[in-house]
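The structure is shown below.

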Amino acid sequence: MSKRPADYMLPVLHDIETTILELYDEFPRMVDADVLWCCEKLQDYYKKIAQGKEMEDPESPIQRKQDLMDELLNTLEDRENDELDKDIINNPACRQGEAMYSSYAMLYTAALKKIRDSVRFWKKEGGKTGYLRFIKGSVI
């Protein structure tokens with residue numbers, strides 16, 4: 001598994017994983033592949049927004065995936081509106097490689113990539129709900 005996320009990233013990751021767990025409670029048939037698919041869609045969405053592109057919200061014909069994406073978008077929009085991550089943006093102490101996070105979209109792209117990598121790891125380790133079981137036991 002990749003190295004531990006930077007401390008400044010932990011609140012963002014916690015909110016994302018809390019949202020995932022809330023939807024998992026609502027949709028007990030959800031599997032890691034659903035979470036992975038949604039994270040990849042949202043990661044691409046935020047990456048394009050960070051590049052200055054106009055984007056429509058991502059969509060899925062599968063209700064649990066659509067609900068998960070909608071709730072994750074709401075969670076991240078709320079964080080941005082409440083300026084919870086404003087101290088990370090353009091902060092020389094908070095970097096993705098050599099680059100500072102110049103926007104919320106860039107930060108959320110990186111956070112979703114961390115989640116995606118975690119889903120892949122735990123799915124491989126623990127089967128089709130390995131990640132969901134892992135966060136259920138570790139996210140408080």
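Cys38 is in no disulfide, and the nearest cysteine sulfur, that of Cys39, is 7.0 Å away. Cys38 is buried, with a relative accessible area of 0%; buried means under 20% relative accessible area, exposed over 50%, and partly exposed in between (1.4 Å probe, protein chains only). Cys94 also counts as buried, at 6% relative accessibility.

## Basis of the model

This is a predicted model, in which local features need pLDDT of at least 70 and side-chain atom pairs count only at pLDDT 80 or more, while totals for chains, interfaces and linings use all residues. Residues are numbered from 1 along each chain as its sequence is written, and side-chain values use heavy atoms, with hydrogens and water left out.

## Fold and dimensions

The chain contains 5 helices and 2 strands, in the order α-α-α-β-β-α-α from the N terminus. These are DSSP runs: helices are H or I with at least four residues, strands E with at least two. The radius of gyration is 15 Å, close to the 14 Å that the globule rule gives for 140 residues, so the chain is as compact as a globular protein of that length. The radius is taken over C-alpha atoms, and the rule is 2.2 Å times the number of residues to the power 0.38.

## Burial and contacts

Of the 140 residues, 43% count as buried. Among contacts (heavy atoms within 4.5 Å) with a separation of 6 or more, 68% come from residues 24 or more positions apart.

Definitions and conventions:
Disulfide = S-S within 2.5 Å.
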